[in-house]
Amino acid sequence: MADFDLAIIGGGINGAGIARDAAGRGLKVLLVEQNDLASGTSSASTKLVHGGLRYLALGAFHLVREALTEREVLMRIAPHLVHPMRFVLPAESGYRPAWMLQLGLMLYDWIGGRRTLPGRSTVDFHSDPAGLPLKRHFTYGFEYSDCTVDDARLVVVNAIDAAEHGASIRTRTRCVRAERAAEWTLVLNARGRRDLATARVLVNATGPWLASVAETVLRLERPLPVRLVKGSHIVVRRLFDHGRAYILPTPDGRVVFARPFGPDFTLIGTTDEDFVGDPAVPTVTASEISYLCDAINGYFRQAVTAADAVSVFAGIRALYDDGKRSAKDTTREYVLTLDRGADRAPLLTVYGGKITTYRNLAEAVLAKLGRFFPDAKARTPWTGEWTLPGGDFAPGGDGAVVTATRAKWPFLGEAHARRLVAAYGTRVTLLLDGVTREEDLGPRLGADLTGAEVRYLMRHEWAETADDVLWRRSKLGLHLSKPEVAALERYMTSVVGT
């Protein structure tokens with residue numbers, strides 16, 4: 001008998017979502033990730049849960065409808081990580097007539113069955129603060145609703161829930177070989193230590209590594225129809241004071257977002273370029289930075305240059321190659337392919353997908369694999385009703401959780417408590433368990449990061465390095481100096497084994 005019913009290679013949003021869904025249906029699940037959870041594309045997004053307004057122009061109505069419907073689900077099951085945001089669309093860009101923009105927004109509001117978010121409206125830039133950063137010839141625009149998301153934390157909480165349902169989550173574990181017979185035998189390498197695991201079914205959810213895993217690990221005979229597309233972002237100092245975002249049409253038919261990124265920064269992205277190279281080190285090119293700066297400078301009074309970028313990052317999307325000439329026109333819909341021959345264990349490959357629709361993707365995977373797991377429990381979808389760890393409060397109820405947190409730990413500052421609740425939700429009580437006075441928080445490691453938070457992340461969320469803590473779990477990477485990062489690394493080394 002195999003050790004596991006289902007083995008998943010890849011610890012991004014797709015792999016973590018599949019692991020959570022499968023484990024909750026009673027399957028024995030193994031997830032292996034060669035690095036940290038969300039260390040690839042899933043932490044390099046524009047950090048939005050949205051339907052994709054521009055996809056309407058491409059006729060991708062199914063994708064938009066699915067994403068908008070799922071937007072409501074994610075607000076309900078992860079209210080600490082998914083938050084409503086209003087998006088401002090200038091009407092006089094010259095790339096789309098105003099009537100077309102209005103029609104698109106009307107369809108956008110209608111197609112996904114919007115229930116809780118406010119609908120579209122017109123914005124007068126002469127009287128509304130949204131007009132202040134824009135060039136004077138932009139006199140009005142439109143506003144609509146979508147959501148922001150802490151992308152990497154969404155991956156982590158899915159992995160936590162999977163583990164709490166019995167899944168084995170093994171980070172920094174590389175699958176170096178997969179032998180296929182009536183079941184799969186996986187050869188694993190964890191920090192130089194060799195291990196074996198067997199599974200009835202294997203899922204390749206490695207994103208940008210799909211093709212290389214298929215060739216070198218699974219040794220498939222035919223290359224996969226995968227197209228790698230790079231999306232790059234820049235982060236600059238805050239360009240506007242209000243809490244809304246901008247969606248800016250560009251001359252090439254795309255859009256660029258400029259959205260708040262914490263209290264001090266603005267995140268600008270993204271690009272769409274075909275990618276060839278090592279997906280572990282996707283670089284942001286000078287031409288991509290210029291593209292994003294030009295997009296901003298076409299609308300904003302304050303010019304942005306490459307020198308203003310305090311951080312840059314890029315993610316690689318592994319899309320199903322449908323033969324489209326342009327990267328921006330390649331389908332964003334996920335594609336699942338199942339390979340099973342006579343007396344051969346099944347292999348499912350996951351192409352594409354969006355953070356917004358990861359939960360639907362996981363359900364589709366389980367539906368496709370259902371006949372290999374005849375137990376009735378394994379056929380019952382459940383993840384749309386079960387809140388993710390830390391999200392067991394009503395949408396919009398963050399303030400009450402912050403108030404309760406400060407009442408129990410009054411030495412926490414308001415901003416500190418808000419950041420902790422935004423990251424951990426009600427699990428802040430686990431993070432602060434045993435803390436009765438300020439000194440119990442341990443050393444201050446930079447910004448408001450404390451030893452108590454770092455210990456929690458190492459013991460409960462698979463964090464092992466400073467990057468794990470700063471860039472994927474706390475989003476404090478822009479706030480610590482190099483000496484503070486070095487001090488954090490020393491502290492984490494001291495925690496190991498305690």
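Reader: Which residues in helix 1 are buried?

Author: Keep in mind that this is a predicted model. A residue counts as buried when its relative accessible area is under 20%. In helix 1, the buried ones are Ile 13, Asn 14, Gly 15, Ala 16, Gly 17, Ile 18, Ala 19, Arg 20, Asp 21, Ala 22, Ala 23 and Gly 24. That's 12 of its 12 residues, so the helix is mostly covered. Just after helix 1, Gly 26 has a positive phi of about 95°.

Reader: What does Ile 18 touch, beyond its neighbours within four places in sequence?

Author: Ile 18 is in contact with Leu 6, Ile 8, Val 203, Val 350, Leu 361, Ala 362, Val 365 and Leu 366.

Reader: Which residues have the most contacts inside the largest nonpolar core?

Author: Ile 18 again, along with Leu 154, in a core of 52 residues. Helix 4 (residues 151–164) gives the most to this core, namely 8 residues. There's also a second, separate core of 32 residues, with Val 402, Leu 449, Met 458 and Ala 463 among them.

Reader: How many aromatic pairs are there, and why is Phe 240 with Tyr 246 edge-to-face?

Author: The whole structure has 11 such pairs. Planes over 60 degrees apart count as edge-to-face. The planes of Phe 240 and Tyr 246 sit at 75°, with ring centres 5.0 Å apart, so this pair is edge-to-face. Phe 240 also pairs with Phe 300, but there the planes are at 40° and the centres 6.1 Å apart, so that pair is tilted. The Phe 240 and Phe 300 pair ties together parts that are 60 residues apart in sequence.

Technical notes. Residues are numbered from 1 along each chain as its sequence is written. This is a predicted model: local features need pLDDT of at least 70, side-chain atom pairs count only at pLDDT 80 or more; totals for chains, interfaces and linings use all residues. Side-chain values use heavy atoms; hydrogens and water are left out. A nonpolar core is a set of buried Ala, Val, Leu, Ile, Met, Phe, Trp, Tyr and Cys residues joined through side-chain atoms within 4.5 Å. Buried means under 20% relative accessible area, exposed over 50%, partly exposed in between (1.4 Å probe, protein chains only). Helices (H or I, at least four residues) and strands (E, at least two) are DSSP runs, numbered from the N terminus. Contact means heavy atoms within 4.5 Å. Rings of Phe, Tyr and Trp (its six-membered ring) pair if their centres lie within 6.5 Å; planes under 30 degrees apart count as stacked, over 60 as edge-to-face and the rest as tilted.
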